[in-house]
Amino acid sequence: MTDVVYQIYPRSYADADGDGVGDLTGITARLDHVARLGADAIWLTPFQRSPQADHGYDVSDYTDVDPLFGDLAAFDTLLARAHELGLRVIADVVPNHCSAAHPLFRAALAAAPGSPPRERFHFADGRGPGGTEPPNNWPSVFGGPAWTRITEPDGHPGQWYLHLYAPEQPDWNWRDPRTAPFFADVLRFWFDRGVDGLRIDVAHGLFKAPGLPDLPAGVTPEPGRLRSNPLACDQEEVHHVYRQWRRLADSYDPPRQLIGEVNLTPDRAARYVRPDELHQAFAFAFVTAPWDPQAWLATGTSLLAYAQGPAPVTWVAENHDVVRAPTRYGNPARARAAILTVLALPGAAYLYQGQELGLPEVDVPVAARQDPAWTRAGFSRDGCRVPLPWRRDPAGAYGFSPAGAQPPWLPVPAGWGDLSVEAQEADPGSTLHLTRRALELRRFLPAEDSVLWSVQEDGLLLARRGCGVTLAVAMGDGDARLPEGDVLLTSGPVAGDGLLPRDTAAWLREQPN
């Protein structure tokens, strides 16, 4: 799949019932926005049943819709409307961990140590006098230890369970023979319902090192990055799972797609998209790369070098876990240039809701923050999850909710309507119109193509495609000299002197020598 996928964070896209939280009916009512933008598919982050400790990534029932978002009938309506508009639908599956409210985990808590219900998860005796210390020294991605001690059914302090994320998210034991069939049934449920693909959360997780040994001295994983704990992810056994899932996905007509969140170095991530495994693995390198031409050259070259056969590179500059591009890169002009960059390159591209509006990161008041990572590790992802502004008028949080609705689940800043869809529809120079034009032109570019990267002395990054179209991004301290050619599209105003203003991107067709 080499399409453009539009990521929808259901809580923050559109609220139809007025409770201040987005829902499936709201998404259905606003799908024409995605179709008009020119995307080919939508990816929905979790909407399944969940206590919402991590806003849906703590799943208590993998085959039902959480009432916060609607029900299965509402999902079927959304799916039908998306297909009517020519949009494919990708749902999220979370196989590394579940909710502490999942019936199987609750059964494990009620069972005895060493019993079959506990073998579905990672329970272990503690260390030290009375077992008061965690079984190993692994940290949680969200900060603090990756272990929580339970109270046994008889009331005394008991074993510990592993949670690489929040305590409300116990990790499945993928070495237990019941786990793989359980998730195969989950995949069949959504494939049978008609979803076109699944995005796999923490796809490089699942298996842990046998015996759950301590991290060696000197290895200190950084908060927010599972890959920095080599014993908790990227174990070889995970590839057997994805070979099984690929056979299952290919058994459907048309075949369903599998997209992995594989937050690893490009060489390791490439192993997940071998011909008999996942179709795509997210490329996170542009999300973390600084605004620097050499860094982007190294990133793009590396990603393309490790692309495997039919599996394309997935170009991403924003998602629901990172600071929005205008803030992260330093200004709105760079964010517009980043949109042209991810859309100019061969392969697949992912756009996060609001990226097409150039939304900045919001400094959500501390008292209003809801991200579990904030209380445990001191970083918050709430600022990129603020509800979308649809109208100029502030009523209903600028059109996110109907008038008179409950306040939105995260507060929206004053003046948010100036960045709304309505406001940008009326402005031909808006980021919304730029994104539409880029998506329209992108359809004329080949899905597979060679790319030659270079950086000029003035800081101009060039990505020359074999089809004759060149991406140019002025990333230096001043304006940069464009190659001779016809300019097809720019992210900002360009003078007629052949200079590309700093922090501006252009697509051009170079003149042959």
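## Basis

This is a predicted model: local features need pLDDT of at least 70, side-chain atom pairs count only at pLDDT 80 or more, and totals for chains, interfaces and linings use all residues. Residues are numbered from 1 along each chain as its sequence is written, and side-chain values use heavy atoms, with hydrogens and water left out.

## Overall build

The protein has 17 helices and 20 strands. These are DSSP runs, numbered from the N terminus: helices are H or I with at least four residues, strands E with at least two.

Along the principal axes, the C-alpha atoms fill a box of roughly 80 × 55 × 45 Å.

## Burial and contacts

Of the 513 residues, 57% count as buried. Buried means under 20% relative accessible area, with a 1.4 Å probe and protein chains only.

A contact means heavy atoms within 4.5 Å. Among contacts with a separation of 6 or more, 67% join residues 24 or more positions apart.

## Ala-249

Ala-249 sits in helix H8, residues 238–250. Ala-249 counts as buried because its relative accessibility is 0%.

Leaving aside neighbours within four places in sequence, Ala-249 touches Phe-191, Pro-255, Arg-256 and Leu-258. Gly-197 is 52 residues from Ala-249 in sequence, yet their C-alpha atoms are 8.3 Å apart.

Note on methods. Buried means under 20% relative accessible area, exposed over 50%, partly exposed in between (1.4 Å probe, protein chains only).
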